[in-house]
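User: Please take a close look at one part of this model, the second chain. Describe how that chain is built, and then connect the description to the rest of the model.

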Amino acid sequence: MSAPGASEPMLAESSSAFIDLRRASKTYAARTGEVVAVDEVTLSIRQGETIALLGPSGCGKSTVLMMVAGLIQPTTGSLWIANQKVSGPDPRLGVVFQKDLLLDWKNVLANVLLPFELRGEDPAPRRSAALALLERVGLGGFADKRPYELSGGMRQRVAICRAWIQNPDILLLDEPFAALDAFTREQMQLDVARLSLDRPRTTILVTHEISEAVFMADRVAIMTSRPSQIREIVTIDLPRPRNMKTRESPAFGAYIVRIHAAFADLGVLHG
Amino acid sequence: MWSVASGLLALALWGVAVAVLKPPAYILPAPWAVLARTWTDHALLLQHGASTLSEILAGLILSIVVGIPLGILIVAIPVVHRLVYPIVIAFNAIPKVALAPLFVVWFGYGLLPRVVITGSIAFFPILVATITGLMSIDPELLRLATVMRARQSRTFLHLRLPQAMPSIAAGVKIATSLAVIGGIIGEFVASDRGLGYLLVQASGTLDTTIMFAIVIILAVVASLLFYAISLVENYLVFWHASQRSK
Ligand SMILES: Nc1ncnc2c1ncn2[C@@H]1O[C@H](COP(=O)(O)OP(=O)(O)OP(=O)(O)O)[C@@H](O)[C@H]1O
Ligand SMILES: [Mg+2]
């Protein structure tokens, strides 16, 4: 795994896999007939690894993520986390959805503490941790504000803090930065990378942005629609911790060219 | 303050109409005559008005106390939804005026039958607004709650209920107007006091001036009630877009 261009087969790896999708498919019963959203995806994710699911709109990225989150069951095949078959949301999960889903009737701090509130645990002991987390993503003075008083990027940061406060082992990110402008997006990618410094979290990042995938991930899974499958997995061998310098390295650019070409070959891009 | 201005405008139009057309007083009394009559009879109007207001308020509170919890039960417990909701809809289809004489038989001639009539007329919009508000939660919010392994009761308390509050508040506002109607209907049918009773008496003697005074008082009371509810709404759901855009 040295130069850009290294890829690996899609076979299930050894039992070192932390998250393991084994020929998992999802078929939706739509009114117009059945929709195969995900077709026999096999993917093994090691503990602490960040994998990006990269692909065009509608190729089934969110569906894969929802399966890992235990929100939908695979129609066929199976899904395992730490050698346990998944049948519902795992307690080690932290999820950030595409929409920030903040509650306007609670202030920022209460939104971050929502997971404990919803489980009926006392959020008071977590207050200082939540405040520290907000501080780290640059929202130090905003704990008492309401979500509608924040910008889109600030709101998404609160949503990330809400996932992070549970100290998740597994982080599922469904295009969390897609609605943001280029500068804010880059800042948030750095923020998330920085949050993971203490201990790498097993992360699945759904994105349709090639540079985001390369910057964040250890491996990039290239997905295609019709049939919705993982076509190729590219290993991103860039040093960590990644920072602003990462984007300037020639290797970074080479990966982007390499993945871009892969999509062109698949017919996703043409012209 | 604009509401005061529009009230004055209505009075002015009325005054001009009387001055120009000069109708007989039993058809359309002049605003100044109505005002003078309100002053001379203020003790009587106050006494009957207090009784009407207490019915309206008690009926409104009854409708809130029944409507909101019933709506919560209907949404929270599917069996209640299937069994009870059809009964409630059928009950609402009955013209409540038709029930008024029955309530007199059951509850006598006191305050109680009139409060029950008022409450039974006012509670339906509150119930429907509660149910709609609780049901129309963003499914993605429920998915968020699921991945957080939320308890059902907590999801209800922290997500569904607050999110339904603007809808419930709108229901209570509609109920306020209905409660005023209910109070008057109750007094038409089953009372020896109240502004509704006074109206029936006055119509018997063609005393149009006092009828106008009563109608105006009712309009003012209903408006004040509506504003009071709006203030409470503003306080409770200040975070909602409908309040912030003010
Ligand atoms: N609930 C559903 N019922 C029917 N079809 C669905 C449902 N959810 C998704 N699909 C279909 O499954 C396919 C994959 O959807 P999915 O949301 O996983 O795509 P995606 O890769 O996340 O797309 P995007 O990048 O636009 O978010 C799409 O063709 C979509 O139409
Ligand atoms: Mg998606």
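Analyst: Read from the N terminus, the elements of chain B follow the order α-α-α-α-α-α-α-α-α-α-α. The tally for chain B is 11 helices and zero strands, where helices (H or I, at least four residues) and strands (E, at least two) are DSSP runs numbered from the N terminus. Along the principal axes, the C-alpha atoms of chain B fill a box of roughly 75 × 45 × 30 Å.

The model is predicted: local features need pLDDT of at least 70 and side-chain atom pairs count only at pLDDT 80 or more, whereas totals for chains, interfaces and linings use all residues. Residues are numbered from 1 along each chain as its sequence is written, chains are lettered from A and ligands numbered from 1 in the order in which they are written, and side-chain values use heavy atoms, with hydrogens and water left out.

Chain B meets chain A through 21 residues of its own and 23 residues of chain A, contact being heavy atoms within 4.5 Å. The size of an interface is often given as the accessible area lost when the parts come together. Here the buried area (accessible area, 1.4 Å probe, that two parts lose on being put together, summed over both) is about 2,300 Å², and carbon and sulfur atoms give 68% of it. On the side of chain B, the trio B:Val147, B:Met148 and B:Arg149 supplies 29% of the area that this chain buries against chain A, more than any other three residues.

Helix H7 (139–147) and helix H8 (152–189) of chain B each supply at least two residues of the side that touches chain A. H7(B) gives the most, with seven residues. By class, that side of chain B holds 10 nonpolar, four polar and seven charged residues; Ala, Val, Leu, Ile, Met, Phe, Trp, Tyr, Cys and Pro count as nonpolar, Asp, Glu, Lys and Arg as charged, and the others, Gly among them, as polar.

Oxygen atoms of ligand 1 lie 3.2 Å from a backbone N or O atom of A:Cys59, 2.9 Å from one of A:Gly60 and 3.0 Å from a polar side-chain atom of A:Glu175. Taken alone, ligand 1 exposes 630 Å², and the protein buries 62% of that.

A cis peptide bond, omega about 0°, joins A:Arg240 and A:Pro241, and A:Pro241 lies in the loop between strand S11 (229–235) and helix H8 (250–265) of chain A. A:Ala82, a residue other than glycine, has a positive phi near 50°.

Terms used:
Polar contact = N/O pair within 3.5 Å; in protein donor to acceptor, adjacent residues only side chain to side chain. Areas by Shrake-Rupley, 256 points an atom, 1.4 Å probe, with all protein chains shown as cover.
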